[in-house]
Amino acid sequence: MVDSEAQKIWMDGQLVDGANAKIHVLSHTFHYGVGVFEGIRGYETPSGVAIFRLRDHVKRLMASARIYHLPIPYTEDQIVDAIVETQAANGIAPSYIRPIVYRGEPALGVKNLKGRVSLAIGVIPAKKYLGESSEAGVRAKISPFRKPHSDAIPSFAKADGNYINSYLAGADASKDGYDEAILLDQNGFVAEGTGENIFLVRGGTIYTPGPEADILLGITRNSVIQVARDLEFPVVEKLLSVNELLTADEAFFSGTYAEVAPIREVSHYVLGDGKVGPVTREILTTFNKIVRGQHPRYAEWLHPVPPASAPTKPAARAGRRSAA
Ligand SMILES: Cc1ncc(COP(=O)(O)O)c(C=O)c1O
């Protein structure tokens, strides 16, 4: 059990104790949900701790911030360095790393665009989002709560406020005894889980919804598509009906926190024989090797973290706001 008070949190250029990592209760982000964040994983590999697709997560963080008028006062390289520094300082592995961009000063008024934009980074021990036995298959419920259309809330951005929708769907599924919810889009097509993308397998072909289903374009989703194609499975991105989901041979979730999680049941419909299917098994096994540095072909997806005692680059240490 990690003492969250003793953890080191990176806040605007300083590593501070968790107990001192505070924001004002009247902050804009706290009241209106206008913040953006990332979820990133650190893994133990044969050559030390490595962070999975770190630069891709930082790029997405910056894209999310742009649409919400949150000018991050750090460059991409500075954010990468700060995340590596925070991971090293906490010495937790496997880890779940959470950078968040927010307005933390008192600033009420929903269209208030003033106030300093801050970056904080925390690291916690990684768990399985869908439970420690999720690799044996999870049960998911089709949610009565649908995804908002991207014309209302852009789904490509990982924004704090998006997660009240995920929360409603997730709470409903949990109260009904399911491990996860599957949300449909406004037209009734399959979209995604509360914190994962979804894949179906039908007749040996892998299907997944595309951006037109108002999904977050997951970095794990992108990895799975690439790995599946490398394994010579056909992968098709298209709108998927509920009927296609309920009668799929196999299905699985993908996400940073959930990793690859087979789905064995959807709203009381058992998929296939209710066990982890062969296509899902192959993707899952390959993914688990890749993230742990056991698959040289994908080595470039792993960003090494030097041990804490090693000096970090000066850019990641002081207050260093860029001119941006
Ligand atoms: C709503 C939603 N969809 C999909 C994903 C999967 O994205 P990624 O694989 O980048 O973690 C996440 C997690 O970030 C999410 O919150």
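Colleague: Which residues come nearest to the ligand?

Modeller: G218, I219, T220, G255 and T256 come nearest, out of 15 residues around the ligand. A residue is near a molecule or strand if its C-beta atom, placed from the backbone, lies within 6 Å of it.

Colleague: Which elements give two or more residues to that shell?

Modeller: α5 (219–230) and β14 (250–255) do. The largest share comes from α5, with 3 residues. Helices are DSSP runs of H or I with at least four residues, strands are runs of E with at least two, and both are numbered from the N terminus.

Colleague: How many residues of the shell are nonpolar, polar and charged?

Modeller: The shell around the ligand has 9 polar, 4 charged and 2 nonpolar residues. Ala, Val, Leu, Ile, Met, Phe, Trp, Tyr, Cys and Pro count as nonpolar; Asp, Glu, Lys and Arg count as charged; the others, Gly among them, are polar.

Colleague: Before I go on, what are the ground rules here?

Modeller: This is a predicted model: local features need pLDDT of at least 70, side-chain atom pairs count only at pLDDT 80 or more, and totals for chains, interfaces and linings use all residues. Residues are numbered from 1 along each chain as its sequence is written.

Colleague: Fine. Zooming out, how many helices and strands are in the protein chain?

Modeller: The protein chain has 7 helices and 17 strands. Its radius of gyration is 20 Å, close to the 20 Å that the globule rule gives for 324 residues, so the chain is as compact as a globular protein of that length. That radius is taken over C-alpha atoms, and the rule is 2.2 Å times the number of residues to the power 0.38.

Colleague: What does the C-alpha trace span along its principal axes?

Modeller: About 55 × 50 × 35 Å. Buried residues make up 44% of the 324. Buried means 20 or more other C-beta atoms within 10 Å of the residue's own, exposed means 12 or fewer, and partly exposed is in between, with C-beta atoms placed from the backbone.

Colleague: And the contacts: what share joins residues at least 24 apart?

Modeller: 73%, among contacts between residues at least 6 apart in sequence. Two residues are in contact if their C-beta atoms, placed from the backbone, lie within 7 Å.

Colleague: Now domains. Where are the bounds?

Modeller: Domain 1 is 8–126 and domain 2 is 134–300. Those bounds come from an automatic or database domain assignment. The domain centres, taken over C-alpha atoms, are separated by 25 Å.

Colleague: How many residues are in contact across the two?

Modeller: 26 residues of domain 1 are in contact with 13 residues of domain 2. On the domain 1 side, β3 (36–37), β4 (40–45), β5 (48–52) and α2 (54–67) each give two or more residues. α2 gives the most, with 6 residues. That side divides into 12 nonpolar, 8 polar and 6 charged residues.

Colleague: Where do R53 and H69 sit?

Modeller: R53 is in the loop between β5 and α2, while H69 lies in the loop between α2 and α3.

Colleague: Is each one buried or exposed?

Modeller: R53 counts as buried, because it has 22 C-beta neighbours inside 10 Å. H69 has 10, so it counts as exposed.

Colleague: Which residues does the cis peptide bond join?

Modeller: A93 and P94, with omega about 0°. P94 lies in the loop between α3 and β6 (95–103).

Colleague: Last one. Where is Q78?

Modeller: Q78 is in helix α3 (residues 76–90). Q78 counts as buried, because 21 C-beta neighbours lie inside 10 Å. The C-alpha atoms of Q78 and G13 are separated by 9.6 Å, although the two are 65 residues apart along the chain.
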